[in-house]
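Student: I want to learn how to read the contact between two chains. Where do we begin?

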2 protein chains.
Amino acid sequence: MKGFAYLLLAVVALTGVLVYMAHASGHADGEAAPIFGIKIPPGYRDWRLISVAHEEGNLNDLRALLGNDAAIKAYREGKLTFPDGTIIARLAWSYVPSEENNKVFGRAQSFVPGPATNVQFMVKDSRKYAATGGWGFAQFKDGKPAADALLRTCFPCHEPVKARDFVFTHYAP
Amino acid sequence: MKGFAYLLLAVVALTGVLVYMAHASGHADGEAAPIFGIKIPPGYRDWRLISVAHEEGNLNDLRALLGNDAAIKAYREGKLTFPDGTIIARLAWSYVPSEENNKVFGRAQSFVPGPATNVQFMVKDSRKYAATGGWGFAQFKDGKPAADALLRTCFPCHEPVKARDFVFTHYAP
């Protein structure tokens with residue numbers, strides 16, 4: 001019985017360590033976005049580049065689109081629909097002039113990323129997200145998911161590009 | 001002697017295969033850039049993202065900076081000098097409005113990559129490139145290296161950012 005008590009203690013201690021580790025590893029184990037239940041995919045910052053863009057208007061950001069292996073493979077093969085398991089990450093930073101660079105160039109011509117604004121994900125699961133073209137949508141700011149109301153605006157905006165499987169971004173060679 | 005003839009034939013055939021393979025694999029085995037003798041590093045399009053930017057002025061491009069493992073490691077560790085073996089790739093595309101996206105957004109706000117302009121590389125080798133801050137510079141357009149005269153303009157432009165090991169680009173988190 002004493003052996004069992006020690007074993008129980010060990011299990012409790014190990015559970016504590018695992019819970020601590022889950023917290024310590026940060027965003028990847030953070031809150032899931034509502035509606036679509038998407039968490040930040042671990043290691044997405046290491047994914048390969050799909051393309052870049054500059055959005056003016058209210059957002060006024062510089063952005064990079066990264067894709068997991070399934071996304072990159074589909075893009076490079078010119079697939080018209082993305083397979084289940086595809087994840088596309090949209091990173092964005094505020095659009096700011098680079099004083100450092102402009103000083104060297106002698107004129108205001110260089111615009112670079114300021115602070116990160118938010119990161120968005122499109123996750124393909126044709127059954128789970130059948131109501132929204134097979135895609136789940138998520139947005140995180142400093143690891144915190146966006147509210148339901150915002151996420152409900154994603155699909156209506158992507159719907160006009162149905163012919164491109166609801167994906168705006170083309171691959172930049 | 002007959003055995004030797006066969007062996008010779010085999011070597012000649014194998015050489016032919018290797019030469020063919022070198023050609024078939026494309027850019028990576030293409031012409032080296034003059035002065036610094038840099039070839040296009042194989043697989044650079046798969047490297048991880050350092051940052052993005054928009055250069056106005058004569059270039060007017062959208063660009064992505066990618067780094068090999070040594071580059072990414074140094075950036076993430078906040079190293080002030082990059083180790084030998086570091087390669088930073090600068091991809092660039094002409095800066096064009098996206099008619100497709102703007103139609104959806106209802107206003108002209110989206111700028112995306114047009115055709116690729118050229119790709120540049122900075123290669124760190126503190127002994128080989130001692131005269132230019134430890135960096136070799138290369139530029140390729142459609143796989144063809146830029147002329148000596150152009151490459152000689154690289155280092156003078158990077159010299160003002162000596163405090164950042166002659167590298168303009170900061171890491172975008």
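Tutor: Start with a definition: a salt bridge is a side-chain nitrogen of Lys or Arg within 4 Å of a carboxyl oxygen of Asp or Glu. In general, side chains of opposite charge can pair when their charged atoms come close. Here, the side chains of B:Arg48 and A:Asp46 meet in a salt bridge, 3.3 Å from N to O. B:Arg48 lies in strand β1 of chain B and A:Asp46 in the loop between α1 (2–24) and β1 of chain A, so the pair joins two chains. Helices (H or I, at least four residues) and strands (E, at least two) are DSSP runs, numbered from the N terminus.

Student: What conventions apply to the model and its numbering?

Tutor: This is a predicted model: local features need pLDDT of at least 70, side-chain atom pairs count only at pLDDT 80 or more, and totals for chains, interfaces and linings use all residues. Residues are numbered from 1 along each chain as its sequence is written, chains are lettered from A and ligands numbered from 1 in the order in which they are written, and side-chain values use heavy atoms, leaving out hydrogens and water.

Student: How many salt bridges are there between chain B and chain A?

Tutor: The count is 6 between chain B and chain A. Over all chains, the search finds 18. B:Asp46 also forms one with A:Arg76, with the closest N and O atoms 2.7 Å apart.

Student: How many residues of chain B are in contact with chain A?

Tutor: Contact means heavy atoms within 4.5 Å. By that rule, 39 residues of chain B touch 39 residues of chain A. 100% of the interface residues of chain B are also interface residues in chain A, so the copies meet through the same surface.

Student: What area is buried between chain B and chain A?

Tutor: Buried area is the accessible area (1.4 Å probe) that two parts lose on being put together, summed over both. The value is about 3400 Å², with 52% from carbon and sulfur atoms. B:Arg45, B:Leu49 and B:Val52 supply 17% of the area that chain B buries against chain A, more than any other three residues.
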